[in-house]
Amino acid sequence: MLERYDPRNWPISYDGVIHTLIVLGSAVALALLAHWIVFALLRRVTRSSESALDDVVVEAVRKPLRWAAIAFAIAAAAENDALVGRGWDLLARFLVPAVIGWVAYAMVRGLARGYEAQVGAASDPVAQRGRLTRIAILSRTVKVGIMIVTVSLIMLNIPGVRDVGTTMLASAGLAALAVGAAAQPALKSLIAGLQMALTQPLRIGDLVKVDDQAGRVEEIRMSFVTVRTWDERVLVVPTTRFLDESFENWSRVDEKLTGPVMLHLDPITDVEPIRREFERYVSAHELWDGRNLQLLMTDAYPESIELRLSMSAETIGDLWALRCGVREHMLAWIKQNQPDALIRHRLEVPGGHLKAAEPNTP
């Protein structure tokens, strides 16, 4: 079957080779010239546009379309030259799907980068994170689909692979069971990724708490989500876990949060002066956003009392810094003005009560 593609069986002459090279070179040169002219015009048009989307898309598809133009030129030359036609008939089955898939992949990648650039200029950080998450997940889904279709078209042009496919179709029931069982995790991840893009329980840049670890969402993929903690560790969490189990999202709507500082003092403590000093210090602090400010005695034990000093800030980072400052200032103030309020005797009593812990907000 492949004997006609053997160069030894081709009736090649010196004049024929020269003619083939001239035809092929002329076609490729004209294709490259046309590609250069078209993209020179496109760059001029995109430079006059206010949007950055068209610039990114044009730059992304420039190289793939150059090779597509070369392939089109070779196909046109194959119509006029028998020698080129024989070689092109063999290669076209593999090159055409590969070039088309490359162009489609580059187009999707360019659109994703262009939309990300537009979203990056948005003033609303919450909407920005949501759109970036949707763009990232949907673009990856489309790119994976393009790669699967492209590889499938290329493989189907291989006679041996086509025969294997025919054999598998003969035992379709068994093949369906095997493929279904093998593809179940991949399909589950794909569905979870699409559901994540549509419902958005978390987005890129959100501050989440999972497994008692808090961090920022860095990347959302079909199969996993990466979370960067405050100490620069990276948590890799399966995507399905965020849909099947509960987790904390501290920036779902915005980053405005109220956080506490817990103080455990002696029962003889005079609370009112501590409250006044706390309110004075936080009210004058630049990180306080003016929303919440309160000191409450949340519990009392025989050996101590528990004070909860709550405050709010515009961002989670500001709240963390404000809480650290309040904790340091109030302990120093109590040490100077009410030293008897500090507990000096600490006993580990078996089965004793547990002190309330503060949330670990980075």
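Strands S6 and S8 pair in the antiparallel sense over nine bridges; two strands count as paired if DSSP finds at least two bridges between them. Helices (H or I, at least four residues) and strands (E, at least two) are DSSP runs, numbered from the N terminus. This is a predicted model, in which local features need pLDDT of at least 70 and side-chain atom pairs count only at pLDDT 80 or more, while totals for chains, interfaces and linings use all residues. Residues are numbered from 1 along each chain as its sequence is written, and side-chain values use heavy atoms, with hydrogens and water left out.

**The sheet**

- S6 and S8 belong to an open sheet of three strands, in the order S6-S8-S7, with antiparallel pairing.
- S6 and S7 each have a single partner strand and stand at the edges, so one side of each is left without a neighbour in the sheet.
- On average, neighbouring strands of this sheet are turned by 20° against each other, direction ignored.
- To find a spot where two strands face each other, look for Leu257, which stands opposite Ala313 in S8.

**Helices on the sheet**

- Helix H8 lies across S6, S7 and S8, running at about 160° to S7. Axes here are lines fitted to C-alpha atoms, for helices over the stretch in contact, and angles run from 0 to 180 degrees between N-to-C directions.
- H9 packs on the sheet too, touching S6, S7 and S8, and its direction makes about 20° with that of S6. Contact means heavy atoms within 4.5 Å.
- H9 covers residues 316-337; at 1.5 Å a residue its 22 residues should span 32 Å, and its end C-alpha atoms are 31 Å apart, which agrees. The expected span is 1.5 Å times one less than the number of residues.
- Among the buried residues of H9 are Ile316, Leu319, Val326 and Trp333. Buried means under 20% relative accessible area, exposed over 50%, and partly exposed in between (1.4 Å probe, protein chains only).
- The partners that these buried H9 residues pack against include strand S1 (207-210), strand S2 (213-220) and helix H8 (271-283).

**Nonpolar cores**

- A nonpolar core is a set of buried Ala, Val, Leu, Ile, Met, Phe, Trp, Tyr and Cys residues joined through side-chain atoms within 4.5 Å.
- The largest one has 21 residues, and those with the most contacts inside it include Leu263, Phe278, Met311 and Val326.
- S6, H8, S8 and H9 each supply at least two residues of this core, and H9 gives the most, with six residues.

**Salt bridges**

- There are nine salt bridges, each a side-chain nitrogen of Lys or Arg within 4 Å of a carboxyl oxygen of Asp or Glu.
- Asp206 forms one with Arg203, the closest N and O atoms being 3.2 Å apart. Asp206 counts as buried at 0% relative accessibility, and so does Arg203 at 4%.
- Glu277 and Arg280 form another, with their closest N and O atoms 2.7 Å apart. Being three residues apart in helix H8, Glu277 and Arg280 are separated by about one helical turn. Glu277 is buried at 10% relative accessibility, while Arg280 is partly exposed at 47%.
- Asp211, Arg241 and Glu245 are linked in a network of salt bridges.
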